Amino acid sequence: MATRGLLLGRSFSLLLINSSKMVKLSNGYGRRASYSFLGGSSNPLWRQNSAAKFSAKALVNEEAPDVRRLAKTARISLTEQEEFGPKIQQVIDWFGQLQGVDLNQVEPGMIDRKAEEGVNLRDDVPVTFPKTDAIIEGLPSYDEPYVRVPKVFHKDD
Amino acid sequence: MAFTLFRNVIQAQPLFLHSSALLRRKNGVLYCTMKSTSQSQTQTATEEKQQQKSPQKVKVSPQKQMKEVSKIAADYEAVIGIETHVQLSTLTKAFCSCPYSYGAQPNTCICPVCMGLPGALPVLNSRVIECAVKLALALNCKLSFSSKFDRKQYFYPDLPKGYQISQFDIPIATGGSIDLDLPLEFGGGHRRFGITRIHMEEDAGKLMHSGNGSYSLVDLNRAGVPLLEIVSEPDMRTGIEASEYAAELQRVVRYLGVGNGNMQEGSLRCDVNVSVRPIGQAEFGTKVEIKNLNSFSSINRAIDFEISRQVNLHNQGQQDSIVQETRLWEEGAQKTVTMRKKEGLADYRYFPEPDLPEVVLTKDYVDSVGKSLPELPEAKRRRYEEMGLSMQDVLFLANDITVADFFDATIQKGADVKLAANWIMGDIAAYMKNEKLSIIDIKLVPHELAELIASIKSGTISGKIGKEILFELLAKGGTVKGLIEEKDLVQITDLGDIEKMVDKVIAENPKQLEQYRSGKTKLQGYFAGQVMKASKGKANPGVLNKVLVEKLNAKV
C-alpha cells in the first residue's frame, strides 16, 4: 500500500500509538505484557510520584523501534521501513521530556476531569437505532443476514 | 488472548488446603482398599497409561476420579486458575442503547456505536456499574472507587472497532474470595478460592466459519454486550474443585440477578489454566490454557485429562515438551489438543480509553448496593446447616434461589423444617421435573404447603391423602382446607367408627377370616385394604390396624 501525503501522516501516527514506549513486564507465570504508554517499570505514568527516579534518557528504548513488528501489529504495509525508525524515535524522545517533570507534589489523576462535569452515564433504557438498513447498505460485503468477511483463523495472525 | 495476572510471589498455601489435600488422599486410600492396601507411592509409566485411558469415558464414577486424583496427588500438585466471562443481563449494551436479546435476527441489534462507525462515541450504561459492584461485594472484593477503561487493540472480524473497551491496570475490583461446598459424591468438604480481580468489558460479535469457503460470516448483535471478567487466584487443585468454582460463580450470578450464567448459551464462559509441579517445588510449572469448555462436567474432565497428560510427560522425563500454549477440549474424543503453538505473545497495546471518563464510586452508592444484595448461597448454606438439615438437603435447597425462597417462605409459616425439605426435594421436585416447570410456575404456594404439612401432623388427614392433595395443588392450585372439605377427606380416627367398619368388613369376608384364623396372618393387609376402600382412604392406619389385630384375633 503506497504511503503518501495524508496517508503517510495517518499511518505514521498509528505507528506512533503502537510504538510509544513498550515496556516488557515479566510476571510469575513467565507471560509478558506490554504497556504502550509513557511510563516506567510496572506502574503507569500517572501513578509515579517521583519522576526524578527516571531521566528522559533512561526511559527511552535502548534499541531502535522495531518498525517491522510495529507495522505488523498495526496491519500497515510499508514499502520503506528504514525512514520510519528514526522518526518514531524522535517523537518518543520529544515526549520523553515529560520524564523530567517533578511530580512529587502532584495528585495522580487518570483522565482530565475538568472537561467532564461529573460522570457521564446512561440509563439502561433500550432505543432501537432507526437506520440499520443504512448501516447494512454501507457494508462492503453482505451475505444476508450476515456480514461476509475473509477467513481469519487466529486472532494473532 | 486474555491477560492473566498470576503473581510471582511464592504463595504460602493456606493451611486448610494442605489438610484438605491430606483428606483427599485419606479418602483415596479408603476407596483403594478394594485393590490393595500397600500402594506404592511412585508411579510407573504403565500405571499412568491405564489412568489416561479412563478419562476418555464420558461418565467416570466419582470414586474412580478421586482414586486417580489421589494417585497423582502423591507426587505432583496441579495448579489451576480460571478466567470467567459473565454476560450481564442488562436491557441495553454496555456503551450504546441497543437492546440485546439472545437469538434475535442477526445484525438487527446494531447502531453506529457498537458497529464502530466513524464519529460514534461510547457512553457507559449505569446498570453495568451496578452489576459489577454487586458481584464484587458478593465475592468479598476490594472496590476501586476510581477505575478507568482501556483499549485492548487487536484485529479480528468480530471486533468492529479494532479494539475492545476493557479495564487493564485499574479494574473495578480486586482481591476477593468465593466459598463453596463440594458435592457429597466427591467427598464433600468446604473450599475457599481467591479472586484476583473483576473488571468490566464489552463482548465481540459472533463469528462463523464456512465449511470449505474462503470466507466467514459475522453476526454483530452481540458486539458491545457488557461482560464482567472474573480472574481467580490459581487456588484450585483438581478438576472437581474447578468445576464447582464455576458452578458456584453461576449460582452467585443467578442469585444476584446480574446474568443468567448459562454455559450452553454462552452467557458464562470459562477458560482454564493448568500446570503441574512436583510436590515441594516452589515454582509453578508451565501453564497450559484450555478453551472450548461448554459445561461444568467438561471443565472437570478436561482438567483431569490435562493433569494426567502433564504428569505423564513429567514421568517420562519429557516435561520440557510441555509448552505454554492454548489447547482445545474435544468433547467427542474426550481429550485436549493443541490449537496452535504460538511464537511470542499477543501485544494488545493497551492505553487508557480517551472517550470514557473515570468510573467513580461513592461510599453511599456502594453501601446502598450492598443493602440490596439478597442472602448469598454461602450464607444460606450455613443457615440451613444450623437449622439441622443434612448436607445433601442443604446443597439441594440452596442451589436455586427460587427453590430456597419457596422453602424459606414455607417454614416461615411455621412448617416443620425437615418435612418441608422432604416434600420439596421429593414429590414437588419430581413433579417439576416431569412437567418441566420451575418452582415459580407450579400452582402450589408456600403457605399451602405449610398448611398441608400441618394438617398431616395434626392428624386431620393421613399422609397418603396428603400426597394426593399435593398433586392436585401442584397442578391446579387451590387451598388445602378447601380440598379437604370438597372431597371430604378428613381422617377417621374415632374408635367407634373404625370398629363399625372393621366389623362390617369381617362379616362380609368370612372366607378370608377362616384363612386368617388358620395361619395366614398376612391377610390382615387384605382386611385393612378393604376398610380403606370402604372409608375412601380416610381411616387412620394406626388405629385401624390396632382394631383389626384385636378383632381378628379375638373372636373364636
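1. Contact here means heavy atoms within 4.5 Å. The structure is a predicted model, in which local features need pLDDT of at least 70, side-chain atom pairs count only at pLDDT 80 or more, and totals for chains, interfaces and linings use all residues. Residues are numbered from 1 along each chain as its sequence is written, chains are lettered from A and ligands numbered from 1 in the order in which they are written, and side-chain values use heavy atoms, with hydrogens and water left out.

2. Chain B overall. Chain B has 18 helices and 17 strands; helices (H or I, at least four residues) and strands (E, at least two) are DSSP runs, numbered from the N terminus. Of the 556 residues in chain B, 54% are buried, that is, under 20% relative accessible area with a 1.4 Å probe, protein chains only. Among its contacts between residues at least 6 apart in sequence, 72% join residues at least 24 apart.

3. Helix α11 of chain B, length and bend. The helix covers residues 417–435; at 1.5 Å a residue its 19 residues should span 27 Å, and its end C-alpha atoms are 26 Å apart, which agrees. The expected span is 1.5 Å times one less than the number of residues. α11(B) also bends by about 40 degrees at B:Ile428, the bend being the angle between axes fitted to the seven residues ending there and the seven starting there.

4. The ends of α11(B). Just after the helix, B:Lys436 has a positive phi of about 55 degrees.

5. Four strands form an open, antiparallel sheet in the order β4(A)-β5(A)-β10(B)-β9(B). β4 (142–143) of chain A and β9 (206–209) of chain B stand at the edges with a single partner strand each, so one side of each has no neighbour in the sheet. Two strands pair if DSSP finds at least two bridges between them; 2 bridges join β4(A) to β5 (residues 146–150) of chain A. A:Tyr142 stands opposite A:Val147 in β5(A).

6. B:Gln250. This residue lies in helix α5 (residues 239–256) of chain B. B:Gln250 is buried, with a relative accessible area of 14%. Leaving aside neighbours within four places in sequence, B:Gln250 is in contact with B:Gly261, B:Leu268 and B:Phe296.

Note on methods. Buried means under 20% relative accessible area, exposed over 50%, partly exposed in between (1.4 Å probe, protein chains only).
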